[in-house]
Amino acid sequence: MLKYFHDKISENPSFQYALQVDCEEHITNIFWVDAKMILDYAHFGDVVTFDTTFGTNKEYRPFGVFLGLNQFRETTIFGAAILFDETEASFTWLFETFLAAHNYRQPRTIYTDQDAAMGKAIPNVFTESYHGLCTFHIMQNAVKHLSPVKGQEKESHILSDFSACMYRYEDKIEFEEAFDSMRSKVHKQTWLDSIYKVKEKWAECYMRDVFSLGVRSTQLSESFNGSLKNHLKSDFDIVRFLKHFERTVEETRARELEAEFEARKKLPRRRMCTHMLIQASDVYTPVIFEAFQVEYERSMAACTTVLDGDNKYTVTIGNLSGDLSFEEERIVTANPFNQTTDYSCQMFNRTGILCAHGLKVLDLMNIKMLPTHYVLKRWTREACSGSILDRQGREVVENPKLEAQLRLRSLSHKFLNMAYKAAISLECCLLIDNALDLLGPQVEDKLNAPSSVANEKPCNDQENISPNMQQRDDLLGTAQLKKKEVQLKGSKRKKSWIEKLRKGKRKATKSAVPTKKGAKKEDGAPPHVQVENNSSNKEANVDLHEYRVIGDFTRLLTSMASHDENFYDEDLF
């Protein structure tokens with residue numbers, strides 16, 4: 001494993017890794033990040049999701065990955081780790097190492113699941129970040145824990161009420177009233193009381209000003225872990241796991257290159273040729289321009305009313321399908337001197353795209369071009385422009401081999417032109433030939449100079465081995481992973497609650513088909529037992545159906561483009 005990391009460093013000095021060892025000098029936690037991850041985090045590290053998964057290696061160590069969205073709303077990777085356990089100490093070390101690898105730049109928002117140890121470590125490390133909880137995992141727990149009061153199964157709709165508290169209510173008073181009403185319908189309130197204590201991390205009314213890019217879950221991590229396991233087996237050792245992880249990362253980056261190629265090859269489809277749309281199509285990536293164009297079209301169907309005060313308006317958006325219906329009114333305050341708008345929907349503050357309310361007021365102020373402060377660089381075609389320095393102050397180069405090829409092309413062009421001109425004169429040819437003879441040894445000396453520095457051994461001996469530090473020969477010879485108990489394949493694994501629900505559904509299906517033996521014993525079966533079994537199976541089937549409906553809910557958050565005019569406003573963003 002250490003040789004694998006050192007080979008990566010020799011290929012690209014910007015590659016970093018970090019190890020944590022225990023008192024016996026056994027490796028417990030491992031973190032690594034390559035040059036592309038450092039660059040991507042510098043450009044798109046404002047919103048991060050983190051999740052762990054098991055079953056990726058034979059040591060049964062949890063694997064964690066930091067993910068985000070790039071300018072094409074494609075998944076991008078910021079770092080990866082293999083942990084010994086999921087304790088607060090391990091997560092604290094991982095998060096601190098993650099920030100150190102990225103020059104201690106903290107994300108604006110980070111999403112995780114409801115892991116208790118992770119929840120304790122995040123406030124201590126990500127002190128400047130908002131910590132949000134994955135709504136997908138919360139809804140799964142709601143399906144598991146929420147059960148209506150007996151006799152009200154058909155009227156309560158507990159899961160729909162809880163979903164409304166999570167996504168619909170923008171006013172805190174309305175949220176409190178709806179949550180109290182839902183609490184009275186639930187038989188056991190223990191889980192509701194616990195999730196209410198962290199309502200600031202999942203309720204819509206408390207996240208109005210949270211910069212989230214439309215992300216409300218760790219579904220990015222779930223999708224990446226799913227694609228990763230397609231290339232893995234649970235009996236892979238660490239080195240094989242690292243190589244297969246590298247292949248999965250390359251597939252993810254290939255999709256990004258394909259999206260960039262399509263953006264360069266195809267012209268965006270503009271439905272109107274206004275100055276602002278032409279500007280936006282040239283600046284934004286295609287998927288972001290499509291979202292902006294939807295908001296622009298909605299602004300054309302908006303109605304405004306001037307309020308008392310300086311540049312204050314009420315804006316309501318009409319239905320683009322032709323129905324005479326309008327959305328909820330929003331109050332917008334404009335500033336013609338700064339070309340800014342302050343509106344209650346807070347869409348730009350959450351997603352980085354100006355909403356229809358703000359666009360309508362800009363039009364009322366006769367502002368026909370999108371102000372630069374409303375163009376977020378992370379959504380533009382030039383999002384990855386500029387140089388990034390690593391923690392040693394060196395410029396991060398994604399692919400040194402590609403840089404060498406570009407330099408070779410430039411030098412070859414110069415040499416070829418010079419040789420073409422000098423070929424007609426014997427004196428010029430001798431001059432160039434003598435110059436090359438003198439220049440050759442100097443180039444060899446320059447190329448051999450770094451090798452002598454690389455052979456020097458550092459004398460530092462730390463418990464946490466820093467990234468890019470050359471290790472001592474005895475460490476390379478004696479280092480080993482800390483062993484942990486692995487569950488035997490023959491032993492029974494504890495079934496999850498969803499597997500139990502599916503098992504209950506299969507039993508219910510089998511019991512619906514009478515057999516000859518069952519027909520003989522039907523009269524002797526106790527009636528009250530039969531009723532209880534049917535009700536329990538029915539409840540299990542209802543819960544499973546609710547889970548399947550809600551299971552696809554957050555897929556909308558990471559979708560790309562849609563022709564529905566309300567898609568970007570409500571679901572994607």
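This is a predicted model: local features need pLDDT of at least 70, side-chain atom pairs count only at pLDDT 80 or more; totals for chains, interfaces and linings use all residues.

Which residues does Val375 touch, not counting residues up to four places away in sequence? I find Val283, Tyr284, Leu370 and Thr380, where contact means heavy atoms within 4.5 Å.

Residues are numbered from 1 along each chain as its sequence is written, and side-chain values use heavy atoms, with hydrogens and water left out.

**Val375, continued.** I place Val375 in the loop between α15 (356–364) and α16 (400–422); helices (H or I, at least four residues) and strands (E, at least two) are DSSP runs, numbered from the N terminus. Val375 counts as partly exposed because its relative accessibility is 22%. My cut-offs are under 20% relative accessible area for buried, over 50% for exposed, and partly exposed in between (1.4 Å probe, protein chains only). I also looked up Phe348, which is 27 residues from Val375 along the chain, and their C-alpha atoms are separated by 9.9 Å.

**Tyr284 and its ring.** One of the residues touching Val375 is Tyr284. Tyr284 counts as buried, at 1% relative accessibility.

**Aromatic pairs.** How many aromatic pairs does the structure hold? I get 28, with rings of Phe, Tyr and Trp (its six-membered ring) pairing if their centres lie within 6.5 Å; planes under 30 degrees apart count as stacked, over 60 as edge-to-face and the rest as tilted. I looked at Tyr41 and Phe78: the ring centres are 5.3 Å apart and the planes are at 80°, so this pair is edge-to-face. Tyr41 lies in helix α2 (residues 35–44) and Phe78 in strand β5 (residues 75–82), so the pair ties together parts 37 residues apart in sequence. Both Tyr41 and Phe78 are buried. Back to Tyr284: its ring pairs with that of Phe292, with centres 5.7 Å apart and planes at 45°, so I call the pair tilted. Phe292 counts as buried, at 0% relative accessibility. I also noted a cluster linked by ring pairs, including Tyr4, Phe15, Trp32 and Phe245.

**Charges over a ring.** Which charged ends sit over the ring of Tyr196? The charged end of Arg183 does, 5.6 Å from the ring centre, and so does that of Lys199, 4.3 Å from the centre. My test is NZ of Lys or CZ of Arg within 6 Å of the ring centre and within 35 degrees of the ring normal.

**Thr97.** Is Thr97 buried or exposed? Thr97 is buried, with a relative accessible area of 12%. I find Thr97 in helix α3 (residues 88–101), touching Ala18 and Phe31 if residues up to four places away in sequence are not counted.

**Whole chain.** I count 22 helices and 12 strands in the protein chain. Buried residues make up 44% of its 573 residues. Among contacts between residues at least 6 apart in sequence, 63% join residues at least 24 apart.

**Last stop, Leu447.** Leu447 sits in helix α17 (residues 426–454), and I log Leu447 as exposed because its relative accessibility is 59%.
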